[in-house]
Each structure stands twice: as C-alpha cells, then as structure tokens.
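Visitor: Hello! Could you walk me through this structure with a few questions and answers?

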Amino acid sequence: MTSFWRPAATGVASVLAGVGAGELVSAFFVQNGSPVLVVGALVIDLVPAWLKEAVIAVFGTGDKAVLIVSLALVLLVGAGVAGWLEHLRPPVGRILIAVGGAVGVLAALTRSGAGLLDAIPSVITAVVGILVLGALSRMLRGTAPTRVAPSGSVTRRRFVTATSATAAGGALAVIVGQVVATGYRAAATARAAIHLPRAASTAPPIPAGASFDIAGLSPVVTPNADFYRIDTALQIPGIDPSSWRLRITGMVENEIELTFAELLKLPLEESTTTLTCVSNEVGGNLIGNATWLGYPLRHLLARAKPTAKADMVLSRSQDGWTASTPIEALTDERNAILAVGMNGQPLPLEHGYPVRMVVPGLYGYVSATKWVVELNVTRFDDITSYWTDRGWSQRGPVKLSSRIDVPAAGRQVAAGTVAVAGVAWSQHVGVSAVHVQIDGGDWQAAELADAISVDTWRQWKYAWEATKGSHTIRVRATDANGKVQTSKVADVVPDGATGLHEISVSVS
Ligand SMILES: Nc1nc2c(c(=O)[nH]1)N[C@H]1C(S)=C(S)[C@@H](COP(=O)(O)O)O[C@H]1N2
Ligand SMILES: [Mo]
C-alpha cells in the first residue's frame, strides 16, 4: 500500500538527511547556524507571552526540551506531508522543503549579531532535503508494478533499504552534530555569564584625532565581529573557564599554575594593539586593531623565574597548536599580555576564549596563541612550533607596511578632489610618515591621523586632484626609526610579505 506511509517515509528520510547535513556543517563551521536551534530561537521570540508562561508553569525548566520535542514533531509531520505531496504532485513536496529552508534562513539571519554565513546550514538542509526527496520519490514511483515488470518486489526492497539508510544516516548526523557542538555551546553560555573586572590600568583614550571620517576607511579600532580570524582549529575549542588552567613549565625556578578566577583577580591592564598575520599579502586584510584587557606576561614570568639559558617560550593551545616566542618579547617592557577581553567583551570564542596571548610587534604565528593553556619556557635549539615546523621563520617581527583602503581598487571615481586613505603599521616601532605616489610621479606626503601608540596602526589620508583617465596609486610608509617601506616584493613565506600596495582607479 503506497497511499500514505511510503511517500511519507521518503519525506521523513529526506528531511532527516537535510537536517543532519545542516547540523554537521553548523557544528564544524558555522557555530551559530544550527538549523534546529535558530528556528527554536525564532519560535521563542514569536510565541506569545501567555503561551510561554503556560509552558514554563507546566514544564518548568524543561521548557526548552518541550520546545525542541515540539519542533521535532512539527518537523516530522511536515516532512511526512512533504513526502506525500511530492508523491501526489511533484514538485510540491520539494517546494514545501524549500519553504522550510527559507524559514531556517530567516531565523538564522534575524538572530542578534548574525551574519550571512549563519544561513548556510539552513540552505544546506534545504538543498540536501530537496535532492534526496527527488531521488527517493522517483525510486518509489519505480516500485509500482507495471506491465513490463509486474512484480516490483526487487525495486521495492531497494527502496526500503535506501529510505531507511537515509533516515538512519540523517539521524546519526544530527546526533554527531549535537555532540560535537556541545563544548562550543557550553563555552558560549559560560562566556555570556562572565563579567570582566574593571581594568586596574585603563588604556589611554583613543585620541579624537586618531580617526578620519572617510567612508570605506578601516575604523581605527576593529569591531570584534569584523576582526580577521586565522587558526588551524576545524572546531573552535569550547573551554570551560572554571576548569581552565595556565601552566608555566620548563626552564623556570617556580612552576606556576593559574586558574581563570585567579587571573581575573590580578590587576588587569588595558592596551590597544594591532595584530597581523604573517600570511597577510601586501594590501591584504589579515590585520585588525583592538583594545585588549589582560595581565602582563612579564609579571607572570617574573614570578616563574626563567633560568638564564632559556631564550624562548613555547605557548600551547588547548587543541595542541604551538607558537615559539623569543623570551625577551614577553619579558621586556612592551604590552605582551595574557588577554581575557577584547574591545570591552570577554574574548569571542573564535578569538581564543577564555584566554589568549597578544604580543605587540610579532606576527600571530609566533605569539598570539588563542585558547592558551601552557607556557613552556625553553630554548629555540630544543623545540620547534607548529608553523616553524612547516617552513616559516623562527623569528616573526611584523614588517613595516601600509595599505590603501579608499578608493577601493578598480573603482570608478569622479574627477576633482578624491580622498585617498588607508592605514599604515609598524607595530612596536611606530609609523612616522606615509607618502602617496600617483602614476609613478613624486612621492607626496599624506596626512597622518594621531597615533594611539607605537603598537597600533595609523590612518592616513591624501587629497588627490584626480584628472580623467586611468591612474595608479601607490603608498609607502616610513617608521619611527626613519626606515622606508621597501618596494622589493617578497612572498608571505617565510616571514611576511613586502612590497608596496598599488591600486588602479579610473577617473571619469
Ligand atoms: N590556538 C591557536 N592560536 C593561534 C593560531 C592557531 O592556529 N591556533 N593562529 C595564530 C595566527 S597565525 C594568527 S595570525 C592569530 C590570529 O588571531 P585572530 O584569529 O584572533 O585574528 O592567531 C594565532 N593564534
Ligand atoms: Mo597568522
């Protein structure tokens, strides 16, 4: 009897496969996009207050479980109906799944702080669901006895196998997705409950003159949501702050173990530091500037008392990534910190929650360990680190560089005065001048915005009298020691790119 149950089974299997795929992708890549959870959150927002209160009155703290079970039932019934409709009138069932996917996308995009990426798991859910339903439904139709093949029993067996395997695979994927995401979700919940202490010493206020008001120019402090992210973590470590420990080990007189609560009780300092990736191409965007809250590593290391022979600190993250930092960069007077806060928030999970390192003047691969749990005081001769094992240099001081943000490369602009602007950096040295060159002519001095400190990038601008035609613009920075940014082109491997950023614009 094919009237309802078999077509319904195609729908259920397809939707399970789709949701399974969406949940897996969300668990690994788009942490805030779980199709089931975003729809659940949307329902919570939309449900009238009286119903919410009634559910809480009856089920108490089980209210979330009730929501998830109800959603699952609605989903299963809807899936059955979709399968049945697809059998009666293709492609109505697939359209129904598309509508379900659209609800997921809408739910994902309306969460606070959501980005376009968060919609991807829901899109995947719908696409997989639609493809699988099409295939299973076709198979089901093939099982109907025809004059040519009066007995459909073989194809029927194949259909039953395919449908149940799909459903089982989908269900398994949902379960795996949930298990994988547990740590992340627990960490996100713990993070939301954290109140960072006030800084014992606050960062000097960002000077009003540090920013030019030019559309398209990078803001002098990068919002957390726009901060570049680089790491090897396929899955963001979900660390429980109450079990986090930092161990300082190796060539020290006193091994130290520090809890998160102990760290928060130390006199924390605020500092604004620009972070850059060694993989940042000339003109690239793997750079950001934030105000960090943290505790100076030099004080912690002073307590640990490194022995005289130690020349490197190998920091290790919870997921086993390592960075080798010259010990002097962590013990001299610069603001090398164990950071817990970023722009007034606890560190975002993807930026190292609960604790990371920030070291002015060094590329991230040799200094900026996120999810840090151990500092092994050692020697360069004895141990290597994740990226130095892969051909990158042992030492990674940030290179003097500059970038043009506006006009955007390849843009068409109107003749007349055109604002050319961008950022320049030479962390821990400082930028003292920026020059702009139009069509290979003389280098013209750009105007510099005020510096926040030598550890941060600086905005610059130049008023260009643009004439019709196509033009190239180049930029070049000079550091506080008078060193001029080289035009010599070097690849990012092994210790950072050099060369001058150049853009083409057409003026009309
Ligand atoms: N645990 C861990 N920390 C890490 C990395 C990593 O892969 N794993 N990458 C480093 C690199 S190469 C850079 S450039 C910075 C980037 O920090 P961000 O993602 O907060 O911008 O983190 C550093 N810290
Ligand atoms: Mo990096």
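**Helix packing**

Visitor: At what angle do helix H4 and helix H6 pack, and are they parallel or oblique to each other?

Guide: Bear in mind that this model is predicted. Helix H4 spans residues 63-88 and helix H6 spans residues 120-142, and their axes are 10 Å apart. The packing angle is about 55 degrees. Angles from 65 to 115 degrees count as roughly perpendicular and those under 35 as roughly parallel, and H4 and H6 are therefore oblique.

Visitor: Which hand does the crossing of H1 and H4 have?

Guide: Helix H1 covers residues 5-28, and the axes of H1 and H4 come within 6 Å. They cross at roughly 125 degrees, so H1 and H4 are oblique to each other. As H1 passes H4, the crossing is right-handed.

Visitor: And which hand does H4 show where it passes H6?

Guide: These are the two helices that pack at an angle of about 55 degrees. The crossing of H4 past H6 is right-handed.

**Backbone details in loops**

Visitor: Which residue does a cis peptide bond join to Pro90?

Guide: Look in the loop between H4 and helix H5 (92-110), where Pro91 has its place. Omega is about 5 degrees for this cis bond. The partner of Pro90 is Pro91.

Visitor: What is omega for the cis peptide bond that joins Val406 and Pro407?

Guide: Pro407 sits in the loop between strand S11 (401-406) and strand S12 (412-413). The peptide bond from Val406 to Pro407 is cis, with an omega of about -5 degrees.

Visitor: What phi does His428 have?

Guide: His428 belongs to the loop between strand S13 (416-425) and strand S14 (431-438). Its phi is positive although the residue is not a glycine. The value is about 70 degrees.

**Around the ligand**

Visitor: Which residues come nearest to ligand 1?

Guide: There are 19 residues around the ligand. This shell divides into 9 nonpolar, 5 polar and 5 charged residues. Those that come nearest are Tyr228, Thr232, His351, Arg356 and Lys370.

Methods. Residues numbered from 1 in each chain as written. Chains lettered and ligands numbered in written order. Predicted model: local features only at pLDDT ≥ 70, side-chain atom pairs only at ≥ 80, totals over all residues. Heavy atoms only, no water. Near = heavy atom within 4 Å. Nonpolar A, V, L, I, M, F, W, Y, C, P; charged D, E, K, R; others polar. Axes fitted to C-alpha atoms, helices over the stretch in contact; angles between N-to-C directions. Helix = DSSP H or I, 4+ residues; strand = E, 2+ residues; numbered from the N terminus. Parallel < 35°, antiparallel > 145°, perpendicular 65-115°, else oblique. Left-handed = near helix turned anticlockwise from the far one by under 90°.
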